Amino acid sequence: YPWNSFAAAWGTSFSTPLVAGAASLLVGLESTVNQDQAASAIAQAQLLTPELGYGRLDLFQAVSAGRSLWPNAPESAVPDTCEASGVDWSPEPQGQ
């Protein structure tokens with residue numbers, strides 16, 4: 001962040017990509033995860049205050065909940081290798 005400081009951010013525009021990333025991590029643990037399972041695991045959020053309710057994504061708790069759903073899941077959701085031989089990494093043509 002500029003000037004070596006921190007900033008606060010909130011709202012659905014900010015949180016949606018974080019929750020989507022958490023869901024992707026769960027799919028990495030278990031490719032057969034369904035929407036209800038992912039939602040249940042992600043719902044392991046931290047209580048902020050009685051007024052604000054639950055709202056802080058706790059990725060550690062989400063993965064822990066996922067591990068209880070899928071005890072045979074791999075140790076890490078990150079693959080050892082990433083097959084990208086068929087991916088075209090060239091930039092998109094400009095001005096067409």
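**A first look at the fold**

Let's start with contacts, meaning heavy atoms within 4.5 Å: of those in the chain with a separation of 6 or more, 42% are between residues 24 or more positions apart. Before I go on, this is a predicted model, where local features need pLDDT of at least 70 and side-chain atom pairs count only at pLDDT 80 or more, while totals for chains, interfaces and linings use all residues. Residues are numbered from 1 along each chain as its sequence is written, and side-chain values use heavy atoms, with hydrogens and water left out.

So what is in the chain? There are three helices and two strands, taken as DSSP runs numbered from the N terminus, with H or I and at least four residues for helices, and E and at least two for strands. Going along the sequence, you get α-α-β-β-α.

How much of the chain is buried? Of its 96 residues, 17% are. Buried here is under 20% relative accessible area, exposed is over 50%, and partly exposed is in between, using a 1.4 Å probe and protein chains only.

Now, the helix pair. Helix α1 covers residues 12-29 and helix α2 covers residues 35-42, and they pack at an angle of about 115° with axes 10 Å apart. The axes are lines fitted to C-alpha atoms, for helices over the stretch in contact, and angles run from 0 to 180 degrees between N-to-C directions. Who makes that contact? From α1 we have Val19, Ala22, Ala23 and Leu26, and from α2 Ala38, Ala41 and Ile42. Sorted by class, that is seven nonpolar residues, no polar and no charged ones. For the classes, Ala, Val, Leu, Ile, Met, Phe, Trp, Tyr, Cys and Pro count as nonpolar, Asp, Glu, Lys and Arg as charged, and the others, Gly among them, as polar.

α3 has a similar story to tell. Ala62, Val63, Ala65 and Gly66 are buried there, and their arc of only 160° around the axis puts them on the same side of α3. Phe60 and Ser68, on the other side of α3, are exposed. The buried residues of α3 pack against α1 and α2.

Take Val33: leaving aside neighbours within four places in sequence, Val33 touches Leu26, Val27, Ala38 and Trp70.

Two last residues. Leu25 is in helix α1 and counts as partly exposed, because its relative accessibility is 27%. Its C-alpha atom is 9.1 Å from that of Leu59, 34 residues apart along the chain. And Ala43, buried or exposed? Ala43 lies in the loop between α2 and β1 (46-49) and is exposed, with a relative accessible area of 53%.

Notes. The arc is that of the directions from the helix axis to the C-beta atoms.
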